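Dear colleague,

I am handing over a structure that you have not worked with before, and I would be grateful if you could look through it alongside the notes below.

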Amino acid sequence: MLLDEVMPRYDVVERHSTVVRASPAVVYAAIREADLIAGPITRALLALRALPAAILAVQRTPRDALVEWRERRARRGSRLADLERSGFRIVAERAPDELVIGALGRFWTPRGLRTEVSAADFAGGPPRGFAIAGWNFMVAARADGRTALRTETRVRCAPDVRGRFGAYWLVIRPWSGLIRHAMLREIRLHAERRSVEA
């Protein structure tokens, strides 16, 4: 697994999967094409996650907060390429089987993500004060003609923030799982629609 190569060491892990009635090639394409945050639960949870940053911005300067909100809405997207613009990065790919997305940040804070992360950051581990997350999508053909779609999320913390992240993870883990399930569902639905249209 490519994620094992990129991120062999981690503090927490979460795994989810689904089965798709489409070929592996169609499912792999759907990872990039699907609206990953189309579902109402995902949108609500991500809006809730952004609320503390919005409150801080309004307290700082209401006018600037309004401008920032309008800019975010204008560039808001929910496909993989849109997520990359918000701080997530594809750090490794072995098409058409697996891709690994990375994020570096202080996830437990309102403005948690740094905008740059690479495979090299994973090799050295997170810098002091940060955690690094690796998140993959894998597709594999099944004997029954369907495709297994799996995702695994791993987080590795710098030693000085392991406690803070642990407290954050206790609260966020169930909601993180809901988001992953919803994303897998959107990819599955997109791939199955494409398969029927073909």
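**What was found**

Followed along its sequence, the protein shows the pattern α-β-α-α-α-α-β-β-α-β-β-α, which comprises seven helices and five strands; helices (H or I, at least four residues) and strands (E, at least two) are DSSP runs, numbered from the N terminus.

Please keep in mind that this is a predicted model, in which local features need pLDDT of at least 70 and side-chain atom pairs count only at pLDDT 80 or more, while totals for chains, interfaces and linings use all residues. Residues are numbered from 1 along each chain as its sequence is written, and side-chain values use heavy atoms, with hydrogens and water left out.

Of the 198 residues in the protein, 42% count as buried, a term that stands for under 20% relative accessible area, with exposed meaning over 50% and partly exposed in between (1.4 Å probe, protein chains only). Among contacts in the protein with a separation of 6 or more, 74% come from residues 24 or more positions apart, where contact means heavy atoms within 4.5 Å.

L36 sits in the loop between α2 (24-33) and α3 (40-60), and L36 is buried, at a relative accessible area of 0%; its C-alpha atom is separated by 9.9 Å from that of D82, which is 46 residues apart along the chain. E192 belongs to helix α7 (residues 162-197) and counts as buried at 10% relative accessibility. Leaving aside residues up to four places away in sequence, E192 touches V19, V20 and R21.
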